[in-house]
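Hi everyone, thanks for coming.

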Amino acid sequence: MTAAPQPATLRPTDEIEAGHSLWQDAWHRLRKNKMAVLGGIFIILLTIASFVTPLVASDYYKHQNLDLGATPPSHAHWFGTDQLGRDLLARVLYGGCISLSVGIAATVVSVVIGVLYGTISGYIGGRLDVIMMRAVDILYSLPFVMFVILLMVIFGRNIILLFMAIGAVEWLDMARIVRGQVQSLKKQEFIEAALALGLRKRRIILRHMIPNVLGIVIIYSTLIVPSVMLLESFLSFLGFGVQPPMSSWGTLINEGAKSMEECPWLLIFPGLFFSASLFSLNFLGDGLRDALDVRASKD
Amino acid sequence: MSDAFLQLQNVKTHFPVERGIIFRRHIGEVKAVDGVSLSLLQGEILGLVGESGCGKSTLGRTILQLVPPTEGAVILAGKNLAQLKGRALRESRADFQMIFQDPYASLNPRMTVFDTLVEAIRAHKTVPSSELANRVSELMKKVGLSPRFLQKYPHEFSGGQRQRIAIARALAVEPKLIIADEPVSALDVSIQAQIINLLAQLSREMKLTLVFISHDLSVVKHISDRIAVMYVGKIVELGPATDVFEKPLHPYTKALVSAVPIPDPEREKKRLRVILSGDPPSPMNPPGGCAFHPRCACAVAECSRTVPGLDNFNAARQVACIRAKEIN
Ligand SMILES: Nc1ncnc2c1ncn2[C@@H]1O[C@H](COP(=O)(O)OP(=O)(O)OP(=O)(O)O)[C@@H](O)[C@H]1O
Ligand SMILES: [Mg+2]
């Protein structure tokens, strides 16, 4: 026999077969979901447009032209102008910037609180878990819109406060979801195997727990953003949200609704953008849920 | 036995049962393991069998200190594991490992095989990176997998392959004792034998002490040196595998043995069947006396009063039945 001696070591490049992580698989599945992809693309384009507009034309949205007044869409003003002669396209994009910022900031707040709270409650368990979850139940049963309105009345109409308040409302769901996930993970045999190996707690949480709850956190985050945006526009509609000359989609829709008869474009364009982004975020969230939910799609 | 490698002395694991949401009331105990004494030699394979819920897994997890025993000592190579805590316990975990029932749940789905094995290797030793790849491929070969698959994730393997990965992970820390908790019950019948043989072969090659848990006597019969039969938290019969299988002593073991089908149809037709009636009792309030007496065909009045100890029947065999001598 003249067979070449087998190398004892493994050459990393030519022999090892590549694996596909669950993240990669999820990405493939997500890409096949047309609605989710369209939703994602729309959100990305809208985000870029909304955040770039205030940068390149910082004052244009409040630039008044009282001689012009309200005009329907034209070459000069694609979406028309409002009663003060302000360009509606600029105002819609600027409003998008505010609405999306509120949505994202409040979501970040709620994710941070919810994940920490839920992980502690689920991981430690026992009596602490019972107490922490009862607290969530109690907060859940409070009429939150009233609470937020009260905050606005007491502390004034402050946009930072607005998303803090909304974030504080939205973390409850996240906390419950993460807690449930952590509880079921804790019983999984691979966590017990990690304990049996003698790994440290920190490592078990970082390497074994967090990567496995991340998927569900991502899914619910994309679904929290639209619900926060809805809440913000509702508050703005009631007059508790952002104040002129700043505009959010909520305030634009509010103003548009007042002159719906004479100048319908003032309602149509902000409404269109608002609904389109809510739809997109929801499609994206649903798509992510289908793509990331290992149990439903594998085995 | 002075040369015992693993010794259990009157091990009890009771789970408290509590009611109430914030203020808990103690309303009873599940006596999952209730006074088990046992000793194993180094390299010995023990088959641990019994019905579902009799406490096999709890006994296994108690030995490995994944649940603390309520009472008793677990002595491995002269060290009482039940007294170890925190860091000392974590460090001693290199000596004993577990293989779980469900190979779909016992591997982290987000980690490649390579990462899983490296984590296990590095759990107790500092190994230079240059040597890691070698170590990992050796482990893979030991369990009959090609190192080509190292960068793959658990969901890309079949159940049997995953169980091999789980075995490799357990071997990574170079343990002396492995507890395999129903390692094949989640697998296809065609693959079960391969995994059983792999475990037996590894145990022999590496002088590993192996406790093989199963609810199915026929699974453990071929690889075990000895078999322990468990019923509601207690060991009711212990002896060499062939003896227990050929001539069971305890009425419960007789029933278990008679439930194993014989491949020869002639003998299958003629043999005596002992049918077990009723369900096993709840471990929260087992019947007084011998826990098996309500289902036992040989029970007498005395059986409901005296708790039988696991006594020597002869030099090699032990049985917990007050009528053992009469009925055998
Ligand atoms: N963590 C726990 N808390 C309370 N009770 C438990 C706990 N773990 C197990 N038990 C109870 O202890 C008893 C024995 O359970 P165990 O899992 O050890 O049985 P088993 O023989 O492994 O059964 P199976 O064949 O179904 O795996 C059962 O009644 C079970 O409900
Ligand atoms: Mg079990």
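Let's start in helix 4 of chain B, where B:Arg135 and B:Glu131 sit four residues apart, about one turn of the helix. Helices here are DSSP runs of H or I with at least four residues, strands are runs of E with at least two, and both are numbered from the N terminus. B:Arg135 and B:Glu131 form a salt bridge, with their closest N and O atoms 3.8 Å apart. By salt bridge I mean a side-chain nitrogen of Lys or Arg within 4 Å of a carboxyl oxygen of Asp or Glu.

Buried means under 20% relative accessible area, exposed means over 50%, and partly exposed is in between, using a 1.4 Å probe and protein chains only.

A quick word on what you're seeing: this is a predicted model, where local features need pLDDT of at least 70 and side-chain atom pairs count only at pLDDT 80 or more, while totals for chains, interfaces and linings use all residues. Residues are numbered from 1 along each chain as its sequence is written, chains are lettered from A and ligands numbered from 1 in the order written, and side-chain values use heavy atoms, leaving out hydrogens and water.

Chain A has a pair in one helix as well: A:Arg289 and A:Asp286 lie three residues apart in helix 10 (residues 265–292). Their salt bridge has its closest N and O atoms 3.3 Å apart.

How many salt bridges does the structure hold over all chains? The count is 17. Two of them cross the interface of chain B and chain A. In one, A:Glu192 meets B:Arg61 at 2.6 Å, N to O. A:Glu192 is buried, at 14% relative accessible area, whereas B:Arg61 is partly exposed, at 23%.

Now the interface itself. The contact, meaning heavy atoms within 4.5 Å, takes 41 residues from chain B and 36 residues from chain A. The area buried between the chains is about 3,500 Å², with carbon and sulfur atoms giving 54%. Buried area is the accessible area (1.4 Å probe) that two parts lose on being put together, summed over both.

That's my tour, so please ask away!
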